[in-house]
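Please look over the sequence and the structure below before reading on.

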Amino acid sequence: MAAQKINEAHEHIAKAEKCLKTSLTKWKPDYDSAASEYAKAAVAFKNAKQFDQAKEAYLKEAEYHTENRALFHAAKALEQAGMMLKDMKRMPEAIQYIEKASMMYVENGTPDTAAMALDRAGKLIEPMNVEKAVDLYQKAASVFENEDRLRQAAELFGKSSRLLVRLRRLDEAAVSVQKEKSIYKGIENYPTCFKKTIAQVLIHLHRNDFVAADKCVRESYSIPGFSGSEDCISLEQLLQGYDEQDEDQVYRICNSPLLKYMDNDYAKLAISLRVPGGGKKKKSPTAPQGGAGGAKAGEEDDDYEGGLC
């Protein structure tokens, strides 16, 4: 079966080469037909699991579609070449071809297809290179944003934000979440804005920037429905507990279902949040802040030894 498919592929390549020949009566190569034959050869090689030869055939198809100014079809062929490299476990090269294809889609005037290709590339590379996935998702988000495909842009900024948190690139994560929140506010998806405010607060507190966290909550009062909502009350209590070094209150909010069942990367921020001063429990409003005795008491009373919240 494989040998038959390989023979079939070589027959298509022979036909493609014939299409490219010129003569006294045929002055110009038939790039369109040549590209079509290379596409058929690529599929035959692919079915025979000859992925390297399939990749080369797809690259030839892309070359002749480009000669014929059929940029959309050339880009699709480049994407397919990338997928063959993926099957050969040569992922960085695969991503290069998909990125090249996305640029060609933009040049062709089909930016949505470009963004979708970048998103697919991000999903492929994410398990092995999170940094590259962030780059691809951000590029895809920017393309969608430029095309006013705002919901798709927000979703991709969301993927980027979560990965930036995972990488502990928290300054960049804060910027990315703000972009998400602005888009969701613009399209009047207010409940999602509330969740993004929680994410912002957790990120800023992990950055040791209480002022920025507090500002995010205060700015969110202008979002319809936020003031008095469960999200708002929980954040106010979280900030109060954090500011007063009340480990009990911070722990309770961070381990509430509202925060604990967020996207996994944000849930991890919640349960790993420490109060300033080493994680002591607050005894009373007038109790002295800090001190070795307070920290020790907190460690003895808390099974997590101050490590979760």
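What follows treats a pair of helices and then turns to the aromatic pairs.

The model is predicted. In it, helix 4 (residues 71–87) and helix 6 (residues 111–125) have axes that come within 12 Å and cross at roughly 5°, and because angles under 35 degrees count as roughly parallel, helix 4 is described as roughly parallel to helix 6. Helix 4 makes the contact through Phe 72, Glu 79, Met 83 and Lys 86, while helix 6 contributes Thr 113, Ala 117, Arg 120 and Leu 124. Sorted by class, the contact of helix 4 with helix 6 consists of four nonpolar, one polar and three charged residues.

Turning to the rings, a search of the whole structure finds six aromatic pairs. One of them joins Phe 210 and Tyr 242, which are stacked, with 6.2 Å from centre to centre and 5° between the planes. Since Phe 210 lies in helix 11 (residues 210–220) and Tyr 242 in helix 12 (residues 230–243), this pair ties together parts that are 32 residues apart in sequence. Phe 210 counts as partly exposed, at 23% relative accessibility, whereas Tyr 242 is buried, with a relative accessible area of 8%.

The rings of Tyr 221 and Phe 226 also pair, with their centres 6.0 Å apart, and because their planes stand at 50° the pair is tilted. Tyr 221 is partly exposed, with a relative accessible area of 37%, while Phe 226 is buried, with a relative accessible area of 0%.

Technical notes: Residues are numbered from 1 along each chain as its sequence is written. This is a predicted model: local features need pLDDT of at least 70, side-chain atom pairs count only at pLDDT 80 or more; totals for chains, interfaces and linings use all residues. Side-chain values use heavy atoms; hydrogens and water are left out. Axes are lines fitted to C-alpha atoms, for helices over the stretch in contact, and angles run from 0 to 180 degrees between N-to-C directions. Helices (H or I, at least four residues) and strands (E, at least two) are DSSP runs, numbered from the N terminus. Angles under 35 degrees count as roughly parallel, over 145 as roughly antiparallel, 65 to 115 as roughly perpendicular and the rest as oblique. Contact means heavy atoms within 4.5 Å. Ala, Val, Leu, Ile, Met, Phe, Trp, Tyr, Cys and Pro count as nonpolar, Asp, Glu, Lys and Arg as charged, and the others, Gly among them, as polar. Rings of Phe, Tyr and Trp (its six-membered ring) pair if their centres lie within 6.5 Å; planes under 30 degrees apart count as stacked, over 60 as edge-to-face and the rest as tilted. Buried means under 20% relative accessible area, exposed over 50%, partly exposed in between (1.4 Å probe, protein chains only).
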